[in-house]
Amino acid sequence: MIRDHIKHAVENAIAAAQACGDLPAFAAPAVTLAKPRPEMGDYAASVAMQLARVAKMAPPAIAQRIAKQLPPNAAYTAEVAAGYLNFRLTAAYLAGQVNEILQAGDQWGNTNLGNGQNAQVEHGSANPTGYATIGTARNVTVGDTLANTLEAAGYVVHREWYVNDAGSQVKKFGTSIYARYCQHLGKDEPMPGGGYMGDDVAQTAQLIADKVGDQYLQQPREQAILALGRLGIDSIMDSIRATLLRMNIRYDNFFSEKSLYTSGQSERALALLRAKNLLVEHDGALWFSEDGSPIRKGQGKKKTDAEYANQADADPDADNGAEGEADEAQTAIQAVVVRSAKVISDPDERATYFCSDIPYVWNKVHDRGFNPAVYVWGEDHQADVPRVHAAARALGLNDDAVKILIYRFITLMSGGQEVRMGKRKGNAIWIDDVLDETGPDALRYIMLSRSIDTKIVFDLDLLKEQNDKNPVFYVQYAHARICSIERKVEEQGQSQAPRSKNQESRTKNQDLRFEHVAELNLIRKLLELPEIVEMVATSLQPHHYITYAREIAQAFSAFYENCRILDAAPDVAAARLQLAKASRLTLAKVLRLMGITAPEKM
RNA sequence: GCCCCCGUAGCUCAAUGGAUAGAGCGUCGGCCUCCGAAGCCGCAGGUCGCAGUUCGAGUCUGCGCGGGGGCACCA
């Protein structure tokens with residue numbers, strides 16, 4: 001990447017300036033390059049300003065002395081401007097890069113950031129108690145895009161869905177399935193309190209009844225509930241898989257939570273914590289205490305606002321028994337229950353989420369060696385983030401390998417009101433229904449179009465209208481337009497005298513020339529692709545692609561408006577055609593990273 | 001009470017601590033005898049407040065104000 005090349009050149013120049021006494025000795029900071037305004041150049045180093053204090057010199061003077069040590073380079077020119085060190089890529093370099101892009105083909109934009117390291121993106125992982133909802137759509141789109149990105153950035157990527165299929169969960173869901181199953185077969189059976197009221201569960205029960213008949217009516221109730229619960233989960237997972245396939249999303253593995261217990265991984269991980277005295281018994285339950293300290297009364301228990309107010313009034317210092325504890329509290333997590341008293345007395349009961357999180361993080365980071373192990377979680381799990389990190393540290397794992405992303409929920413607007421979804425309440429919106437309306441491309445684009453820290457408002461009444469002007473079409477249109485031009489050129493070439501193979505390859509290898517500013521700006525924009533891939537791979541913020549994709553389309557439009565291809569002089573036309581192809585490749589790549597199709601016609 | 005996220009143009013959102021804060025939608029005005037007008041060009045319009053750190057703050061820190069989420073032996 002030319003950016004890294006320039007960066008190293010600057011670092012070397014600083015060292016050289018120090019060596020020859022132009023700059024005093026100091027520990028040089030890491031050089032970073034920014035994208036300045038176009039008039040200023042293509043890259044800008046502000047290192048001279050950062051060094052002003054340690055070097056005890058004015059920034060422009062420092063910049064001058066660094067610039068003096070830069071070896072001449074055909075790819076760029078350097079210039080000092082008010083303390084900045086600006087770099088401008090030369091026209092010859094830019095022109096040469098068009099062929100580089102074309103030669104890289106599908107690989108264009110890939111980098112070696114990951115160096116073959118194993119990475120995992122665990123995403124989706126919604127409870128298998130209903131069809132995939134629009135909330136899951138954000139999760140999987142972000143996760144899948146990040147997985148694509150890490151792959152492009154040189155990681156070996158594993159895509160996983162974590163199936164919450166352990167303990168009482170199955171039972172509760174199974175009871176709902178059982179009731180619907182009975183009802184469908186004409187037997188009276190009330191839905192359980194707090195059961196899953198949605199159509200999806202009823203449909204799933206029908207599906208099962210149609211497949212297996214009424215055999216479970218004869219079985220003892222408890223037994224039937226367990227069996228139907230498992231069949232229900234299988235059926236729901238099939239449906240989720242089918243839905244995600246429509247969104248162009250596939251997984252390498254569906255990881256069963258239950259397997260953590262049947263395989264003994266849970267016991268093994270807990271034994272590690274026990275050996276370090278980090279598991280504490282209190283009130284009949286088993287707690288994880290990061291520093292091994294005893295559990296204090298009231299810890300881990302949610303209090304009402306009234307209780308907080310009361311406590312503050314009655315005894316303002318109650319929680320500050322020891323001085324210095326306040327500092328500790330900022331870094332240490334609250335103690336967390338690993339196994340409830342209920343679970344300990346009844347092994348059939350479901351463990352807490354956190355109980356599974358411990359062996360799961362061990363399995364990911366230690367057993368399978370993922371680095372990073374990316375988790376994509378909804379904001380309802382934010383409190384679990386420090387816990388999993390604490391568990392990882394307690395297990396002696398590399399905490400930095402654990403990357404947990406929290407995205408904000410999607411809220412629905414319906415009739416001018418915001419609605420909070422809930423599967424159990426049966427007011428969820430299924431991905432399949434939205435897909436029928438928008439198609440996968442527009443849906444994925446919407447899901448990626450905002451930073452994960454920003455909520456997405458989905459207006460069901462405006463969905464159709466919003467869809468027609470979805471910006472995804474702007475990007476796809478640019479791609480289709482290039483394809484159209486290429487088809488035209490093809491036709492033209494066929495109607496004229498056919499070119500010999502020699503001529504063809506000479507066109508390909510000769511130096512392309514570009515003079516128009518729109519051409520050069522377009523090439524500049526295309527060359528950002530590997531930088532963007534690395535930015536997404538390191539920030540784990542896929543919405544950067546949205547901005548970039550639009551910028552490419554914009555730069556191409558400017559080129560398209562100003563630089564005609566079909567009726568230009570032969571050598572100009574040939575060069576522009578190559579640039580158009582490079583643009584098409586870049587657009588297609590960005591779209592592919594986002595999991596969006598690049599249509600040849602619209 | 002404590003923790004996390006957000007507050008940028010009329011609306012929805014961008015902006016690795018860098019120079020003059022950008023798009024889309026909406027408004028208004030232009031552009032098809034010319035490779036696809038799902039396009040292009042132009043006008044108008046903005047960093048919640050107060051301190052601080054920094055050569056430089058929309059971005060970092062503190063305190064306010066406003067909105068969302070969390071602090072379960074639920075999932």
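This is a predicted model: local features need pLDDT of at least 70, side-chain atom pairs count only at pLDDT 80 or more; totals for chains, interfaces and linings use all residues.

Tutor: Let us begin with one pair of helices: α5 passes α22 in a left-handed crossing. Helix α5 covers residues 134-152 and helix α22 residues 529-539, and their axes come within 9 Å, crossing at roughly 120 degrees. Angles over 145 degrees would count as roughly antiparallel and those of 65 to 115 as roughly perpendicular, with the rest called oblique. The two helices α5 and α22 are therefore oblique to each other. On the side of α5, the contact is formed by Leu146, Thr149, Leu150 and Ala152, while α22 contributes Val533, Val536 and Ala537. Sorted by class, the residues of this contact are six nonpolar, one polar and no charged.

Helix α16 spans residues 384-394, and its axis comes within 9 Å of that of α15, with a crossing angle of roughly 45 degrees. Here too the cut-offs settle the description: angles under 35 degrees count as roughly parallel. The helices α15 and α16 are therefore oblique to each other. In this case α15 passes α16 in a right-handed crossing. From α15, the contact takes in Phe354, Asp357, Ile358 and Val361, and from α16 it takes in Arg387, Val388, Ala391 and Ala392. By class, the contact of α15 with α16 holds six nonpolar residues, no polar ones and two charged ones.

Made up of residues 353-367, α15 lies across β9 and β10 and runs at about 80 degrees to β10. The sheet in question is open and has three strands in the order β8-β9-β10, paired in the antiparallel sense. Its edges are β8 (279-282) and β10 (336-339); each has a single partner strand, so one side of each is left without a neighbour in the sheet. Direction ignored, neighbouring strands of this sheet are turned by 45 degrees against each other on average. Strand β9, residues 285-288, is joined to β10 by three bridges in an antiparallel pairing. Within that pairing, Trp287 stands opposite Val337 of β10.

Most residues other than glycine have a negative phi, and most peptide bonds are trans. In the loop between β8 and β9 lies Asp283, whose phi is positive, near 55 degrees. In the loop between α15 and β11 (373-378) lies Pro372. The peptide bond joining Asn371 and Pro372 is cis, with omega about 5 degrees.

Just after α9 comes Asn248, with a positive phi of about 70 degrees.

Finally, there is an open sheet of four strands. Their order is β1-β2-β4-β3, and the pairing is antiparallel. At its edges stand β1 (33-34) and β3 (76-81), each with a single partner strand, so one side of each has no neighbour in the sheet. Six bridges link β3 to strand β4, residues 84-89, in the antiparallel sense. One of the facing pairs is Glu79 with Asn86, the latter being its bridge partner in β4.

Definitions and conventions:
Residues are numbered from 1 along each chain as its sequence is written. Chains are lettered from A and ligands numbered from 1 in the order in which they are written. Side-chain values use heavy atoms; hydrogens and water are left out. Two strands pair if DSSP finds at least two bridges between them. Axes are lines fitted to C-alpha atoms, for helices over the stretch in contact, and angles run from 0 to 180 degrees between N-to-C directions. Contact means heavy atoms within 4.5 Å. A crossing is left-handed if the near helix is turned anticlockwise from the far one by less than a right angle, and right-handed if clockwise. Ala, Val, Leu, Ile, Met, Phe, Trp, Tyr, Cys and Pro count as nonpolar, Asp, Glu, Lys and Arg as charged, and the others, Gly among them, as polar.
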